[in-house]
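This briefing covers one predicted model. The notes are grouped by topic.

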Amino acid sequence: MRDFDIPLPLARAVLDPVFRVILNDRLPFAAQRVLMDVMSRAQPVPDDTVVRRLRLAGRPAERITSASTVIDGPRARAAESGAILYLHGGGYTVGSLTTHRSLAARLAHGTDCPVYVLDYRLAPEHPFPAALDDAETAFLELVREKGHRPERIAIAGDSAGGGLTLATAQRLVADHGLAPAALGLIAPWSDPNLIPDRERDLVVNRPWSRSCAAAYLGAGDGDDSGYAPLRGALHGLPPTYLQVDEGEMLYDQCLTLEAALRDAGVHVRFSRTRGLWHVAQLQAGLIGSAAAEVRELADFLREALQPVSVRDLG
């Protein structure tokens, strides 16, 4: 499907009322999920995308690849030796394989690696640590059952999925001695305890985010690093790419996370945009500047997953 480049003012004018309706704390989460799935159908998936359904961690998942990837030779072997586990955003209460298929497909095309998108359990039906348990198990299954080496698996996610990516990496390092190849964090929600000063940005509003935080925590401990990975140990994490827009409610939290990662000795690449919105990367097929951010993230992940060898250099 052909991509577009809609002017930012027009895109913002269209999306503002849409998100005001969908991400409303007075609307049941079940209804929000349906509306999010419907809206996401406007996000074009690149041509030559192959989507295969499977199960990971006992949950529905999709393995997304590019059909144009060379099937013989060194490039194909490199593509199959690396993989990305993608954890979608949505405040731990909404979001699905459908809402993030376009973004995941663009990462698959940009990295020449399969992207596994996990439909982890959502709150309030399944509060913390259900999502974290699912993500941990999915990574371990990619290693033990799919044949991927842990150091050749990157984990990426946006918003709540970005926080879940961070928490999953922390648990893998602490409990299994496994460090992923890299982390890709798009506006990660790394501490749901922190209440932003602003009432809303284009996408997220404070009442909705507080409702999501409460639903996800359930009867858990808000100081648990699995729930708030910003409060946990960051030492030993792999190279991390952090993307955020200056207009987001999570901008200050992302600045705090960047500083904490650097203090912990983690190699960090940081990108801040101006004029986009929370996880505008989901609309990469419609917004040129959002597509550029996705390409930058794909380049970072590809370099981590497919390091150049002496043999490749000839």
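Buried here means under 20% relative accessible area. By that cut-off, the buried residues of helix 5 are Ala130, Ala131, Leu132, Asp134, Ala135, Glu136, Ala138, Phe139, Leu140, Glu141 and Leu142. Helix 5, residues 130-144, is therefore described as mostly covered, with 11 of its 15 residues under the cut-off.

- From its first C-alpha to its last, helix 5 reaches 21 Å, close to the 21 Å expected for 15 residues at 1.5 Å a residue.
- In soluble globular proteins, nonpolar side chains tend to be buried together.
- The largest nonpolar core of this model has 74 residues, and the members that touch the most others are Leu164 and Trp277.
- Helix 5 supplies the largest share of this core, namely seven residues.
- Which residues does Leu164 contact, leaving aside neighbours within four places in sequence? The list consists of Leu87, Tyr92, Tyr120, Ala131, Leu132, Ala135 and Tyr216.
- Another core, of 28 residues, lies apart from the largest one and includes Leu107, Ala108, Tyr241 and Ala298.

- Strand 3 spans residues 83-87, and five of its five residues are buried.
- In a regular strand the side chains alternate between the two faces of the sheet.
- On one side of strand 3 are Ala83, Leu85 and Leu87, and on the other are Ile84 and Tyr86; both faces are covered.
- Strand 3 pairs in the parallel sense with strand 5 (residues 153-158) over five bridges, and with strand 4 (residues 115-118), also in the parallel sense, over four bridges.
- Leu87 takes part in both pairings: its bridge partner in strand 5 is Gly157, and in strand 4 it stands opposite Leu118.
- Between strand 3 and strand 4 the chain passes through helix 4 (residues 101-111), and this β-α-β crossover is right-handed.

**Helix 1**

- Helix 1 (residues 8-22) has 15 residues, which should span 21 Å at 1.5 Å a residue; its end C-alpha atoms are 21 Å apart, so the two values agree.
- Where does helix 1 kink? A kink of about 25° lies at Leu15, shortly before the proline Pro17.
- Leu15 is also one of the buried residues of helix 1, the others being Ala11, Phe19 and Ile22.
- An α-helix has 3.6 residues a turn, so residues three or four places apart point the same way.
- The buried residues of helix 1 pack against helix 2 (29-40).

- Pro44 sits in the loop between helix 2 and strand 1 (49-56).
- Is Pro44 buried or exposed? Pro44 counts as buried because its relative accessibility is 2%.
- Pro44 and Leu230 are 186 residues apart along the chain, and their C-alpha atoms are separated by 33 Å.
- Strand 1 runs antiparallel to strand 2 (residues 59-66), and eight bridges join them.

Definitions and conventions:
Residues numbered from 1 in each chain as written. Predicted model: local features only at pLDDT ≥ 70, side-chain atom pairs only at ≥ 80, totals over all residues. Heavy atoms only, no water. Buried < 20%, exposed > 50% of the residue type's maximum accessible area, 1.4 Å probe, protein only. Helix = DSSP H or I, 4+ residues; strand = E, 2+ residues; numbered from the N terminus. Pairing = 2+ DSSP bridges. Right-handed = clockwise from strand over helix to strand, strands pointing away. Expected span 1.5 Å × (residues − 1). Bend = angle between axes of the 7 residues up to and from the residue. Contact = heavy atoms within 4.5 Å. Core = buried A, V, L, I, M, F, W, Y, C linked by side-chain atoms within 4.5 Å.
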